[in-house]
Amino acid sequence: MRYSAEKLSEEKVFKDPVHRYVHVRDRVIWDLVGTKEFQRLRRIKQLGTTFLTFHGAEHSRFNHSLGVYEIVRRIIDDVFAGRPEWNDDDRLLTLCAALLHDLGHGPFSHSFEKVFDFDHEDFTQSIVLGNTEVNAILKKVGPDFPQQVAEVIAKTSAKKLVVSLISSQIDADRMDYLQRDAYFTGVSYGQFDMERILRVMRPKEDQVVIKKSGMHAVEDYIMSRYQMYWQVYFHPVSRSAEVILTKILHRAKQLYENNYSFKNEPIHFYSFFKDQVTLEDYLKLDESIIMYYFQIWQDEDDAILSDLCRRFVNRNLFKYAEFDPAKEYKKLAELNTLFEKAGIDPDYYLVVDSSSDLPYDFYRPGEEEERLPIHLLMKNGELKELSRESEIVDAISGKRRTDHKLYYPGDFLADESSDNSIKKQIRSLLEI
Ligand code: ZN
């Protein structure tokens, strides 16, 4: 029997708190889950620093990846199978791309990508196409199968319907992470009726569309995404932890460039510091390794590095104030000078951080990111863009909301023992 068609003698199930069970019958999927590159995702948290705000948020990319696979499997096997618009030859390709879509995520991806200037999506491509266990399994399906999977994940595939199942404004990726992140953080915002949405999804030419009767379930999904962004993903306390994490990486890199001698050689970071990261180095790094360095760097002689690591490890985070960069740039410059005078390095201790999200967007060709809209399938077979039918979605669509905050170490500024007058001025500028 061809490897691509091979089924397990018995179905395997993973117990899952969100979908109850994740079902695996295909040999290829089972083999991919067993690879070391996929198992590595157990050691990368789905929500980075969010566990410092919502203590339940310790779930991993491994959980989420299985969840996305399960949603896609249910759409294909329960809803699309047998419909003329769906080509079941694409089934395995779609399942593999769903399972592997986040394979290149590294530890605390956002901070790492910012400091060392790379993109986890490039690493996903390298893992799928490079000399890895994942690649060896995909190649057994067919010599060009790894390339096909990589193209679906990169959204460059000509199979647009397949791409839209995994990345669009209503895709299996989002449907899984909203519910999963809501479950593990313990908030109620991320819930919506996915069962209903799955039942009303239809393949239509090159996209997934939603039967008009399912519009209210989709409204709920869009509102839950809107809520999750502002209540969980952009939570100012998690962002504070991320600011500190980013500054630790900056500091370590700067010390390395200045030939600082670390008490323990940070060998796992060298190729990142030198901007010569190989796939092998990248795969060796996970969040336990990072936390190990943060632990030992608490005892480094460099005061900034050790202080920032203590803050991260012990959750002594920066405080924050609302900040408007357009109006308050003079105040920021003033604060910079005062921080320097007070002996607090503003490069590390006075940080502006911005978050921004577009909850739903209709199609506007040529704009910053062209997003495919969600289309409703009307009774007469016509397609209508969602915000033209839904007043709720219309109210928030195309509106980017941005939030800026200024982060600073509250405890340093509360210290009355020295530089009293300077710290007083800082406090009054920050209105604390
Ligand atoms: Zn994902």
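Colleague: What should I know about the model before we start?
Modeller: This is a predicted model, in which local features need pLDDT of at least 70 and side-chain atom pairs count only at pLDDT 80 or more, while totals for chains, interfaces and linings use all residues. Residues are numbered from 1 along each chain as its sequence is written, and side-chain values use heavy atoms, with hydrogens and water left out.

Colleague: Which domains is the chain divided into?
Modeller: The division gives domain 1 (3–233), domain 2 (236–355 + 404–430) and domain 3 (362–395), with bounds that come from an automatic or database domain assignment.

Colleague: And how far apart are the C-alpha centres of domain 1 and domain 3?
Modeller: Those two centres lie 23 Å apart. The contact between them, meaning heavy atoms within 4.5 Å, takes 15 residues from domain 1 and 15 residues from domain 3.

Colleague: How many cavities of 30 Å³ or more does a search of the whole structure find?
Modeller: The search finds two, and the largest cavity has a volume of about 80 Å³. On a 1 Å grid over the protein atoms alone, a cavity is a set of points where a 1.4 Å probe fits but cannot get out, whereas a pocket is an open set with protein on both sides within 12 Å along at least five of seven lines; lining residues have an atom within 4 Å of a point. Grid points are joined across faces, edges and corners, and a volume is the space filled by probe spheres set on the points.

Colleague: Where does the largest cavity lie?
Modeller: It lies between domain 1 and domain 3, because both of them give residues to its lining. That lining is made up of Ser164, Ser168, Gln169, Ile170, Gln207, Val208, Leu372, Pro373, Ile374 and His375.

Colleague: What classes do the residues of that lining divide into?
Modeller: The lining of the largest cavity has five nonpolar, five polar and no charged residues, where Ala, Val, Leu, Ile, Met, Phe, Trp, Tyr, Cys and Pro count as nonpolar, Asp, Glu, Lys and Arg as charged, and the others, Gly among them, as polar.

Colleague: Is Val209 buried or exposed?
Modeller: Val209 is buried, with a relative accessible area of 0%; buried means under 20%, exposed over 50% and partly exposed in between, with a 1.4 Å probe and protein chains only. Its place is in strand E4 (residues 207–211), and here helices (H or I, at least four residues) and strands (E, at least two) are DSSP runs, numbered from the N terminus.

Colleague: Which residues is Val209 in contact with?
Modeller: Leaving aside neighbours within four places in sequence, Val209 is in contact with Val200, Met201, Arg202, Lys204, His375, Leu377 and Leu383. His375 is also one of the residues that line the largest cavity.

Colleague: Switching to pockets, what is the volume of the second largest pocket?
Modeller: The second largest pocket has a volume of about 280 Å³, and of the 15 residues that line it, Ser4, Asp88, Asp89, Arg91 and Leu92 lie nearest its centre. By class, the lining of this pocket has five nonpolar, two polar and eight charged residues.

Colleague: Which helix gives the largest share of that lining?
Modeller: The largest share, three residues, comes from H4, although H4 and H8 each supply at least two residues of the lining.

Colleague: How many residues of H4 are buried?
Modeller: Ten of the ten residues of H4 are buried, so this helix is largely enclosed by the rest of the structure. Among the buried residues of H4 are Arg91 and Leu92, which also belong to the group nearest the centre of the second largest pocket.

Colleague: And which residues are buried in helix H7?
Modeller: In H7 (residues 133–141), Val134, Asn135, Ile137 and Leu138 are buried. They cover an arc of only 165° around the axis, which puts them on the same side of H7; the arc is that of the directions from the helix axis to the C-beta atoms. What covers these buried residues includes helix H1 (27–33), helix H2 (36–39), helix H4 (91–100), helix H6 (120–129) and helix H8 (145–153).

Colleague: Last topic, what is phi at Asp275?
Modeller: Asp275 has a positive phi of about 60° although it is not a glycine. Asp275 is found in the loop between helix H14 (270–273) and helix H15 (279–284), and at 61% relative accessibility Asp275 counts as exposed.
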